[in-house]
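The tour below goes from one selection to the next.

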Amino acid sequence: MKSTRRERLMYRIDVNRAESIVSFALEGYIRLEEMKRFVVELKAATDTVAGQAIKIEADLRTFRPASPEAADLIRRVQEYGLRSGVTRVAELVQNEIVALQLNRVASGSGTDKILRRFWQESAARLWLRHGDAERGVVLQG
């Protein structure tokens, strides 16, 4: 007997075109097939702001460690983002094991050079919008 229960997506993606910010959240453990769908949709969302300095806000606070295959998909979509013009990535992470896995993935894709990790969404958003200018650091030469 087939289940008629509707499957709940374990991710969401939003685009703020005015600020070129692509936000997404991954929740819980995501099966490989769902991760594949997420990657396709994230690429499409990134393409909607192509040609601009793209910023990514990744809410991974409830995300659980991914399978090696899913982690590889994340690495590949990060590489795609870099090729597409992503200049900043703000990650919201609370789980230490997830943070370690994401460090390996970001290092493998080259995203680690433009990535910052945050505990609070407001701080992440501020950095995405203004970079390090908000810290009051002014270099004069």
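How many helices and strands are there in the protein? There are four helices and five strands, where helices (H or I, at least four residues) and strands (E, at least two) are DSSP runs numbered from the N terminus. Along the sequence they follow the pattern β-β-α-β-α-β-α-β-α.

This is a predicted model, in which local features need pLDDT of at least 70 and side-chain atom pairs count only at pLDDT 80 or more, while totals for chains, interfaces and linings use all residues. Residues are numbered from 1 along each chain as its sequence is written, and side-chain values use heavy atoms, with hydrogens and water left out.

**Whole chain**

Colour by accessibility to begin. Of the 141 residues of the protein, 43% count as buried; buried means under 20% relative accessible area, exposed over 50%, and partly exposed in between (1.4 Å probe, protein chains only). Contact means heavy atoms within 4.5 Å. Among contacts between residues at least 6 apart in sequence, 78% join residues at least 24 apart.

**The largest core**

Select F24, L26, M35, F38, L60 and F63. These residues have the most contacts inside the largest nonpolar core, which has 33 residues. A nonpolar core is a set of buried Ala, Val, Leu, Ile, Met, Phe, Trp, Tyr and Cys residues joined through side-chain atoms within 4.5 Å. The elements giving two or more residues to this core are β2 (21-28), α1 (32-47), β3 (54-63), α2, β4 (86-92) and α3. Another core, of seven residues, lies apart from it and includes I21, L92, F118 and W127.

Stay on F63. Leaving aside neighbours within four places in sequence, F63 is in contact with L26, E27, G28, I30, M35, I74 and V98.

Next, select M35, found in helix α1. Is M35 buried or exposed? M35 counts as buried because its relative accessibility is 0%. Beyond its neighbours within four places in sequence, M35 is in contact with L26, I30, F63, A70, L73 and I74.

**The segment before β1**

Select M10, in the segment before β1. M10 and F38 are 28 residues apart in sequence and 9.1 Å apart in space, C-alpha to C-alpha. Not counting residues up to four places away in sequence, M10 touches A25, L26, E27, G28, Y29, I30 and E34.

**A loop and a strand**

Move to S20, in the loop between β1 (11-16) and β2. S20 is not a glycine, yet has a positive phi of about 55°. S20 is buried, with a relative accessible area of 4%.

Then select I56 in strand β3. I56 is buried, at a relative accessible area of 8%. I56 and I21 are 35 residues apart along the chain, and their C-alpha atoms are separated by 5.7 Å. Apart from neighbours within four places in sequence, I56 is in contact with V22, F24, V86, R88, V89, A90 and L128.

**Helix packing**

Two packed helices are described by the angle between their axes and the distance between the axes. Here axes are lines fitted to C-alpha atoms, for helices over the stretch in contact, and angles run from 0 to 180 degrees between N-to-C directions.

Show α1 and α2. They pack at an angle of about 5°, with their axes 10 Å apart. α1 is therefore roughly parallel to α2 (angles under 35 degrees count as roughly parallel, over 145 as roughly antiparallel, 65 to 115 as roughly perpendicular and the rest as oblique). The contact is made by L32, M35, K36, V39, L42, K43, T46 and D47 of α1 and E69, A70, L73, I74, V77, Y80 and S84 of α2. These residues divide into nine nonpolar, two polar and four charged; Ala, Val, Leu, Ile, Met, Phe, Trp, Tyr, Cys and Pro count as nonpolar, Asp, Glu, Lys and Arg as charged, and the others, Gly among them, as polar.

On the α2 side the contact includes A71, I74 and R75, and on the α3 side Q101, V105 and A106 are among the residues involved.

Finish at R104 in helix α3. R104 counts as exposed, at 58% relative accessibility. R104 and R75 are 29 residues apart in sequence and 9.1 Å apart in space, C-alpha to C-alpha.
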